[in-house]
Amino acid sequence: MTHVLVTGGAGYIGSHACKALKAAGYTPVTFDNLVTGWQDAVKFGPFEQGALSDRARLDEVFATYKPVAVMHFAALSQVGEAMSQPGLYWRNNVEGSLTLIEAAVAAGCLNFVFSSTCATYGEHDNVVLDEDTPQIPLNAYGASKRAVENILRDFGAAYGLNHVIFRYFNVAGADPEGEVGEHHRPETHLIPVMLEAIDGKRPALTIHGSDYDTPDGTCIRDYVHVMDLVDAHVLGLKWLEEGKGSRVFNLGTGTGFSVREVIDASRAVTNREVPHSEGPRRAGDATKLVSGSSRAAGELGWTPHRSTMPQMIADAWQWHLHGHYDH
C-alpha cells in the first residue's frame, strides 16, 4: 500500500482529502487528536489518534506505515481566538508543525504538502492576490502559518524536504456523495451558519457591516469548493512524486462573493428565506479579499469546476439535511 499521513484527517478539509487520496489510489492514514475532528469522519483508511507535540507517537506512526508523503491540515484556525490567545496558536500550529516536520525528515519521508492560508498576506484590499503578494499577516493565525512555511523552506535547504504549500481563503460545500461534510462545534463559517439559521437551528444570521465600498455594501470573499480544494492537494502530491521540487500555489476563483450574494444564492438553492439582521463591522475585516490561481491552473492543471456558489451551497445543504457525526 502507498500510505500518505494526513494530519487533521478527521476534520472538515482533511476528511475530504482522505476520500480524494483513496480515489487516487493511496491509503490515507489519519493522525488526529480529535479536539476539533470527528472519528466518524475517518472512513477511508487507518486512524491513529495522537498529538503533533508527541514526537514518540509520531515516530511510531511513521515506522508503522512508512508513508510516501505527509499532507498536513492539523491546525487551529479561528481568527478571533488567534487575536485573543496568540500563544495558543504559536504553540499548537508552529511547535506542533515543527515536531511533525522533524519526525518526517528523521523517517526519510521527504514529500510534504502543507495547508497554509491566504491570511499570511494580511490586508490587501481590492487586489487579486498571487503567490508574490507581500506576506504581512494581521494575526497569530496567519503569522503561525507563515512561520511553518519558513520552517519548510529551511528544512528543504538543509535536508532536501520537498514541499508544496497551498494558500487559500474560504472553503465551502461538502462531499456530493454525502460520506463526509462540514461539522464544527461551534460553527463559525458563513455558509453552514446561514443554513442553520434557515433551518431554525440558530438565531438569525448577522451581517457584519453593510457600508463597505462594494456594489451591495457587504464585504467580498473568495470561496472554493472543498472537493476542488482537495483535488489540488492530490495534484500537489503528484507534483512532488514527479520530482518537480518545492512550490507555492494560491487556490481561489479570483472573483469572490459578497455576503448578500451568498444569502441570495442560499435563498435560490433552498427555496427558503434566510433570516438575517445587520450589525456593525468587525475589527480587521477587509473590504474585498480574493485569490487568483493562475499558477495552479497552468502548472498543476487545476480547475475549480465545482466552485460556483449555487453548487457549494447545494452540496452543503444536502449535508446539512442528511449528514452528521456523533463521535
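The chat below goes through a few residues of this predicted model.

Biologist: Where does Lys 145 lie?
Modeller: Lys 145 is in helix H5, which covers residues 140–159.

Biologist: Buried or exposed, and how far off is the nearest side chain of opposite charge?
Modeller: Lys 145 is buried and has no salt bridge. The nearest side chain of opposite charge is that of Glu 149, 8.5 Å away.

Biologist: What does the side chain of Lys 145 reach, then?
Modeller: The backbone oxygen of Ser 115, at 2.6 Å. Leaving out residues up to four places away in sequence, Lys 145 touches Ala 75, Phe 114, Ser 115, Ser 116, Thr 117 and Thr 120.

Biologist: Aromatics next. How many aromatic pairs?
Modeller: The count comes to 4 aromatic pairs. In one of them, Trp 239 and Phe 249, the ring centres are 5.5 Å apart and the planes are at 85°, so the pair is edge-to-face.

Biologist: Which parts does that pair tie together?
Modeller: Trp 239 is in helix H7 (residues 226–241) and Phe 249 in strand E12 (residues 247–251), so the pair links parts 10 residues apart in sequence. Both Trp 239 and Phe 249 are buried. With Phe 166, they form one aromatic cluster.

Biologist: What sits over the ring of Tyr 212?
Modeller: The charged end of Arg 281, 3.9 Å from the ring centre.

Biologist: Last one. Where is Thr 206, and what does it touch?
Modeller: Thr 206 is in strand E9, residues 205–208. Thr 206 touches Ser 277 and Gly 279, not counting residues up to four places away in sequence. Its relative accessible area is 33%, so Thr 206 is partly exposed.

Terms used: Residues numbered from 1 in each chain as written. Predicted model: local features only at pLDDT ≥ 70, side-chain atom pairs only at ≥ 80, totals over all residues. Heavy atoms only, no water. Helix = DSSP H or I, 4+ residues; strand = E, 2+ residues; numbered from the N terminus. Buried < 20%, exposed > 50% of the residue type's maximum accessible area, 1.4 Å probe, protein only. Lys, Arg positive; Asp, Glu negative; His and termini not counted. Salt bridge = Lys/Arg side-chain N within 4 Å of Asp/Glu carboxyl O. Polar contact = N/O pair within 3.5 Å; in protein donor to acceptor, adjacent residues only side chain to side chain. Contact = heavy atoms within 4.5 Å. Phe/Tyr/Trp six-rings, centres within 6.5 Å; stacked < 30°, edge-to-face > 60°. Lys NZ or Arg CZ within 6 Å of the ring centre and 35° of its normal.
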